[in-house]
Amino acid sequence: QCGSGEDDEVCDRENWVDSYAARLPPELSNQVMTDLFSQYSSSLYWAFTTLTTVGFGDIIPVSRAERLFVIAMELAGIMIFGIIIGTITRIASNFNLAKKSRNEKMAILERYMRERRLSKGLQKRIREFYEYQLDNVSVFDLSSILEEVSTALRLELCQSFYAPLMRDVPYFKG
């Protein structure tokens with residue numbers, strides 16, 4: 001304790017409480033210097049402001065309520081920032097998984113074609129077919145979907161899928 005005779009030299013030095021209190025109006029300065037809760041809320045304010053790199057400007061929270069409000073807003077900012085970073089990370093990892101899966105399938109295809117000693121022309125056509133399939137065709141297997149739905153729904157799905165094709169066939173016109 002300062003004033004007890006022990007370590008008075010340390011107590012004479014200015015610390016963060018003295019520095020912070022000196023910038024406040026006198027009534028608040030006394031509160032910060034004597035009230036333990038004010039010192040802790042000021043400490044939390046300083047810590048969160050430092051951690052969130054919001055910085056220390058000319059405008060600072062003066063009252064205990066203002067400091068607590070700033071701490072709450074900084075916590076909310078940290079959470080929102082964390083959610084945004086997590087979402088971006090998840091999207092990037094899902095993209096990488098799809099790309100990795102495509103590359104694995106193409107590598108298996110390449111090994112199969114080399115093992116079977118297919119001609120270069122045939123390999124090229126097969127590679128182009130699979131690249132088109134993997135890039136442009138739905139990942140959903142139509143036959144497995146049709147097996148799981150009711151007969152009425154299966155008929156409606158088939159009509160929806162194949163109606164545009166059937167309109168172009170002369171046999172089905174008229």
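The model discussed here is predicted. The protein chain has eight helices and zero strands.

**The chain as a whole**

- From the N terminus on, the order of elements in the protein chain is α-α-α-α-α-α-α-α.
- The protein chain has 174 residues, of which 14% count as buried.
- Among contacts in the protein chain with a separation of 6 or more, 40% are between residues 24 or more positions apart.

- Side chains of opposite charge can pair when their charged atoms come close.
- Arg127 is partly exposed, and its relative accessible area is 24%.

**Helices α5 and α6**

- The axes of α5 and α6 are 11 Å apart, and the two helices pack at an angle of about 160°.
- This angle makes α5 roughly antiparallel to α6, because angles over 145 degrees are placed in that class.
- The crossing in which α5 passes α6 is right-handed.
- On the α5 side, the contact is made by Arg102, Lys105, Met106, Leu109, Glu110, Met113 and Arg114.
- On the α6 side, the contributing residues are Gln123, Ile126, Arg127, Tyr130, Glu131, Leu134 and Asp135.
- By class, the contact of α5 with α6 has six nonpolar residues, one polar residue and seven charged residues.

**The loop between α5 and α6**

- Arg117 is located in the loop between α5 and α6.
- Most residues other than glycine have a negative phi.
- Arg117 has a phi near 55°, which is a positive value in a residue other than glycine.
- Arg117 counts as exposed, with 75% relative accessibility.

- Ser29 is found in helix α3 (residues 26-34).
- Ser29 has a relative accessible area of 15% and is therefore buried, since the limit for that class is under 20%.
- When residues up to four places away in sequence are not counted, Ser29 touches Ala21, Ala22 and Leu24.
- The axes of α3 and helix α4 (residues 36-51) cross at roughly 95° and come within 5 Å.
- The helices α3 and α4 are therefore roughly perpendicular to each other.
- In this contact, Gln31, Val32, Met33 and Thr34 of α3 take part together with Leu36, Ser38 and Gln39 of α4.
- The contact of α3 with α4 comprises three nonpolar residues, four polar residues and no charged residues.

- Ser42 has its place in helix α4.
- Ser42 is buried, and its relative accessible area is 3%.
- Ser42 and Arg67 are 25 residues apart in sequence, while their C-alpha atoms are 6.8 Å apart in space.
- The axes of α4 and α5 cross at roughly 30° and come within 9 Å.
- The crossing in which α4 passes α5 is left-handed.
- From α4, the residues Phe37, Ser38, Ser41, Ser42, Leu44, Tyr45, Phe48 and Thr49 take part in the contact with α5.
- From α5, the partners are Arg64, Arg67, Leu68, Val70, Ile71, Glu74 and Leu75.
- The contact of α4 with α5 is made up of eight nonpolar, four polar and three charged residues.

Terms used
Residues numbered from 1 in each chain as written. Predicted model: local features only at pLDDT ≥ 70, side-chain atom pairs only at ≥ 80, totals over all residues. Heavy atoms only, no water. Buried < 20%, exposed > 50% of the residue type's maximum accessible area, 1.4 Å probe, protein only. Axes fitted to C-alpha atoms, helices over the stretch in contact; angles between N-to-C directions. Helix = DSSP H or I, 4+ residues; strand = E, 2+ residues; numbered from the N terminus. Parallel < 35°, antiparallel > 145°, perpendicular 65-115°, else oblique. Left-handed = near helix turned anticlockwise from the far one by under 90°. Contact = heavy atoms within 4.5 Å. Nonpolar A, V, L, I, M, F, W, Y, C, P; charged D, E, K, R; others polar.
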